[in-house]
Amino acid sequence: MASSSDPAAKAPGKQQRIQLAVGDITDLTCPETIRLLAHALRNIRATPPRIISSPATQPARASVAIIIRVRPPPSSHPAPSAQPVTLQNFFSQPWVTQPESRAEVLFLPRTDTLAFPGGKQHAEDEGALYTAMRECWEQVGIDLADSREYECVGQMDDREVTSKLGKRLLMVLTPFVFLCLTPDGGQLDFGDPETRAYWIPLNLLATLTPNMGTISLDVASRMAPQSRMIRVALRTLLLGGQMHFGAIVLSSQQVTTVIPASGEKGKSREVTPQEQQGQPSEELKVWGMSLGMTLDLVAQMRAGTTDLSFPRPLSMSLTSIFPRFDMPDVNFWLWAFGKRYRKVIRGWKESYRTMGAHDRRINWSGSALANFYASVRKALIMTIVFRMFWLFVALIFWIRW
């Protein structure tokens with residue numbers, strides 16, 4: 001692997017550089033992460049996103065902003081660029097290529113996860129991009145329309161937000177990727193004094209060995225969130241079964257925490273990981289839709305390379321948002337009914353590996369999730385039917401006995 005101490009002197013060709021970064025490494029260093037990030041952003045800029053049209057019966061849409069910045073080391077004091085900075089020349093700047101510079105992604109805390117800034121589209125919004133910019137300004141005070149500070153790299157694939165088991169479409173979500181162009185950018189202004197945010201190092205999300213945990217939820221609550229009687233019946237039949245969602249688990253001491261500045265209304269200050277040493281640690285989790293979009297970005301960091309022996313991050317990005325069940329019979333029926341969604345996943349993987357243009361109209365994530373949850377519904381129905389059958393048989397034997 002080429003040394004990262006002098007990238008300009010030892011930089012290999014573009015394709016070779018990507019292969020070096022994704023070879024047999026376990027964890028990505030900061031320079032490797034930034035090189036892969038450059039590759040990902042060029043992919044996103046060059047690849048048309050898959051657009052999902054909202055049906056007339058459910059026109060609701062939302063947008064999020066995936067904001068990325070590169071932070072030079074504290075000891076560095078880069079001079080302003082003499083020419084306008086764009087994606088084309090951003091990664092050639094000396095402060096970006098410094099070995100200790102690191103790429104970070106902005107997340108906001110939600111009820112039980114971390115999420116990107118964003119929200120629902122309003123009727124007066126000029127489009128999905130406007131929604132992402134407006135929501136970001138309202139939530140964290142970042143003006144993404146300032147071309148001197150930020151560049152909209154492009155749009156990633158639309159995603160369908162569905163009900164608990166994927167049966168009903170709730171809205172279509174559009175993610176946009178933004179790059180902070182300045183070394184001192186990404187400053188947040190909070191309107192809410194209780195708000196906080198996190199700049200998470202990208203190498204913690206793109207590593208081959210992320211710290212994975214689970215979010216466990218009651219299956220009965222997911223199937224019947226409105227009816228207490230049905231939930232009780234389902235818990236009895238399913239023996240209190242749980243579904244477990246994969247999550248990337250981080251410590252607040254690994255990330256830069258942004259908190260309101262005391263005595264300065266609306267202003268914020270950043271607390272670095274070094275400053276948090278010895279302080280109580282908070283557990284942060286990225287799962288669900290946020291994890292899916294995060295891992296789509298990670299997949300773009302390796303998409304189109306010729307190193308096809310590097311499947312682990314790609315596999316994780318396509319399947320880790322799918323829940324797992326702690327009931328063996330549910331898992332059996334899920335496997336039995338899962339031929340269609342497994343076929344979609346294989347096509348999705350091949351699409352990312354080859355960056356094929358022939359399948360750009362295929363909504364891989366939506367198709368995979370739709371087929372997966374269709375299999376889940378069938379599996380749960382078959383499980384309940386068979387358990388009721390054996391319960392009936394046991395009751396007959398008990399009566400006769």
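What follows is one request and one connected answer.

Colleague: How do helix H13 and helix H15 pack, and which residues meet there? Which residues of H13 are buried, and which are exposed?

Modeller: First, the ground rules. This is a predicted model, in which local features need pLDDT of at least 70 and side-chain atom pairs count only at pLDDT 80 or more, while totals for chains, interfaces and linings use all residues. Residues are numbered from 1 along each chain as its sequence is written, and side-chain values use heavy atoms, with hydrogens and water left out.

Now the setting. The chain has 15 helices and 14 strands. Helices (H or I, at least four residues) and strands (E, at least two) are DSSP runs, numbered from the N terminus. Of the 401 residues, 51% count as buried. Buried means under 20% relative accessible area, exposed means over 50%, and partly exposed lies in between (1.4 Å probe, protein chains only).

Next, the pair itself. Two packed helices are described by the angle between their axes and the distance between the axes. H13 covers residues 328–336, and H15 covers residues 364–400. Their axes are 8 Å apart, at an angle of about 130 degrees. That makes H13 oblique to H15. Axes here are lines fitted to C-alpha atoms, for helices over the stretch in contact, and angles run from 0 to 180 degrees between N-to-C directions. Angles under 35 degrees count as roughly parallel, over 145 as roughly antiparallel, 65 to 115 as roughly perpendicular, and the rest as oblique. The crossing of H13 and H15 is right-handed.

Who touches whom? H13 brings Asp329, Val330, Trp333 and Leu334. From H15 come Phe372, Ser375, Val376, Ala379, Leu380, Met382, Thr383, Phe386 and Arg387. Contact means heavy atoms within 4.5 Å. The residues of this contact divide into nine nonpolar, two polar and two charged. Ala, Val, Leu, Ile, Met, Phe, Trp, Tyr, Cys and Pro count as nonpolar, Asp, Glu, Lys and Arg as charged, and the others, Gly among them, as polar.

Val330, Trp333 and Leu334 are buried. Seen down the axis of H13, its buried residues fall within an arc of 105 degrees, so they line one face of the helix. The arc is that of the directions from the helix axis to the C-beta atoms. An α-helix has 3.6 residues a turn, so residues three or four places apart point the same way. On the other side of H13, Pro328 and Trp335 are exposed.

Leaving aside neighbours within four places in sequence, leucine 37 is in contact with Ile68, Phe91, Ala103, Leu202 and Met301. The C-alpha atoms of leucine 37 and isoleucine 68 are separated by 9.5 Å, though these residues are 31 apart along the chain. Isoleucine 34 is also in H3, and is buried at 6% relative accessible area. Beyond four places in sequence, its contacts include Val70, Phe91 and Ser101. Serine 101 is 67 residues from isoleucine 34 in sequence, yet 8.5 Å away in space, C-alpha to C-alpha.

Such links can be counted for the whole chain. Among contacts between residues at least 6 apart in sequence, 76% join residues at least 24 apart.

Conventions. A crossing is left-handed if the near helix is turned anticlockwise from the far one by less than a right angle, and right-handed if clockwise.
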